[in-house]
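I opened this notebook page to record what I looked up in the model, one topic to an entry. I begin with the chain layout and then turn to the packing.

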Amino acid sequence: MTIELLRPPQAVIQYDYHDLAGLMGLMTGHSDAETSSALDVLWVLYDRVLQVSPRRIDDDERDRFFLSKGNDPKAYYAVLAATGFIEPRLLTGYGDYDSPLGLHPDRVLVPGVEASSSRGHGLPLAVGTALGLRARGLEQPRLWVMLGDGELDEGANQEAVSFAGHAELNRLNVVVIDDSGSAARAAELQRRFASEGWSVQHVDGHDHGKLELAFTGAPDNRPHAVVARVRSRQAISRS
Amino acid sequence: MMASTCERRFADSDAMRERFTAVITDLVAEDPRVAAVFADFSWDRLSETAREHPRFFNVGAREQLLIDVAGGLALAGLRPVAHTSAGSLTERPFGRIRIGLNLQDVGAVLVSAGASFDLDVDGRALSSPADVALMATLPGWRISVPGHADEAEIMLREASRGFDLEYIRLSTQTNSRPYWTGEDGFVALRLGVDGTVVAVGPIADTVLAAVGDLDVTVLYAPRIRPFDRETLLATLSVPDVVLVEPYLTGTSAAEVSQTLADVPHRLLCLGVAAREVRRFGTPEEHAAAYGLDVTGLRSRITAFIGG
């Protein structure tokens, strides 16, 4: 893969899934493609599901993606670079004082970042945005929130899950990255949503076809949660 | 027979909160950008028409969600006005305010009721003397402490038209009349030569009665952040300053000190002491317990100004 470091994002560079490891390598400084538990989920969302693009950043009708999970931003930045929201050359500054790309993405600093990441905030904020879009008569945009499974234990998320179910926020979607490796934990995560009136699907978080089906095949009368079972980071680094 | 303390706690004298529910209903109806978010508290005071309006939301007893929903509404292009009791709006979800509003770089209007001890017949759980001090630790918040329902209405209407971060603190304690009609800074109620007394919001009438014939300047401060340094300096006589705040004692002491950094000065801070009183009863009884009645203020201000 060749990366044109100085080319602006508007330039016609077509990146695909296989370029993501190299883009992530720009952040880690070594080319042995550190990968991420959420990379496949993010790629399928941006490549096949979300109605977003760098040209539609201010379009009211765009979909919104809120990264709540704040501890795994490299895959997110790689996908934003691959889809033209940020310049790939910015990736090399990841985490630096004068870089816009920190470990918790900041919506003020990064184009295309809809909400500044903080554990336990993405979903409650998205509930507000879903209410606001509905009140404005904007019925088309969908909202997607990515959460980590541990993060779901934040009490604020329970407030949001419970309210969103009762409010029938049918444009709201959540994907939970479950790296627990525990069937019991996965079942518990699904119960939390189902008991509050959400539709729920459990899916292999690395299977692009199944992810796309889980993301797009939900009934349209209530909020939707996808629990994506992923390999733990330790397992990935060994593979 | 007189109604019991408990029966009077939500009495019609709750003028600012009554005004708020009326005004917010108008604002949402008039301005398609304004959205109101409640967390049960005061919801039953709204008309059925208001409760069914698509830009009126009740998230239930979920105060963390209340704040983030306000942030999310702002991200969706609306002007959120969120309301509950002071402690539940500020202390309980404080981290949500910092991250769900400040960090997101969105505006919101937070309107509280209950103040320091309006609801203390319910006990300490509903008192909130530290809300202003807490909110003052965050950048960008304008903090308003109206002393009259008319002032509260001006503040609400102005805030609803804006884009910034606004905290408006309603109270059942009010002055007999408004002293502010939308001015930018503090209002000089009296000019004197022996010192300055800054009276914040609903404590103004009590302060005026307490200073009696002392020859002091009395500045009325219905907004305490940003702190109006210019008026304090412009009206300064003898640099003895008394700061009377109907919430945590000394909340604005640093503002006065920084204003007078180049002037040798004395400062007396009067307010609600940080202690657990463990009493119920009326707001008036609590004010007296903290020395915020006429007698308590007069003795301390007189001793300081004459000292």
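Entry 1, chain A. Before reading the pattern I noted that helices (H or I, at least four residues) and strands (E, at least two) are DSSP runs, numbered from the N terminus. The model is a predicted one, and in it I counted eight helices and five strands for chain A. Followed along the sequence, these elements of chain A come in the pattern α-α-β-α-α-β-α-β-α-β-α-β-α. I then looked up burial and found that 47% of the 239 residues of chain A count as buried. For contacts in chain A between residues at least 6 apart in sequence, I noted that 73% join residues at least 24 apart.

Entry 2, where the chains meet. I looked up the contact between the two chains and found 23 residues of chain A in contact with 24 residues of chain B. On the chain A side, α4 (122-135) and α5 (155-166) each supply at least two of the residues that touch chain B, and the largest share, ten residues, comes from α4(A). Sorted by class, this side of chain A has twelve nonpolar, seven polar and four charged residues.

I followed up Val244(B), which, leaving aside residues up to four places away in sequence, touches Val197(B), Val198(B), Ala199(B), Val200(B), Ile203(B), Val207(B), Leu270(B) and Leu297(B).

I looked up α8 (residues 204-211) and α12 (residues 294-306) of chain B, whose axes come within 8 Å and cross at roughly 50 degrees. Angles of 65 to 115 degrees would count as roughly perpendicular and those under 35 as roughly parallel, and α8(B) and α12(B) are therefore oblique to each other. Their crossing is right-handed. The contact is made by Thr206(B), Val207(B), Ala209(B), Ala210(B) and Val211(B) from α8(B), and by Val294(B), Leu297(B), Arg298(B) and Ile301(B) from α12(B). By class, I noted seven nonpolar, one polar and one charged residues in this contact.

Methods
Residues numbered from 1 in each chain as written. Chains lettered and ligands numbered in written order. Predicted model: local features only at pLDDT ≥ 70, side-chain atom pairs only at ≥ 80, totals over all residues. Contact = placed C-beta atoms within 7 Å. Nonpolar A, V, L, I, M, F, W, Y, C, P; charged D, E, K, R; others polar. Axes fitted to C-alpha atoms, helices over the stretch in contact; angles between N-to-C directions. Parallel < 35°, antiparallel > 145°, perpendicular 65-115°, else oblique. Left-handed = near helix turned anticlockwise from the far one by under 90°. Buried ≥ 20, exposed ≤ 12 C-beta atoms within 10 Å, placed from the backbone.
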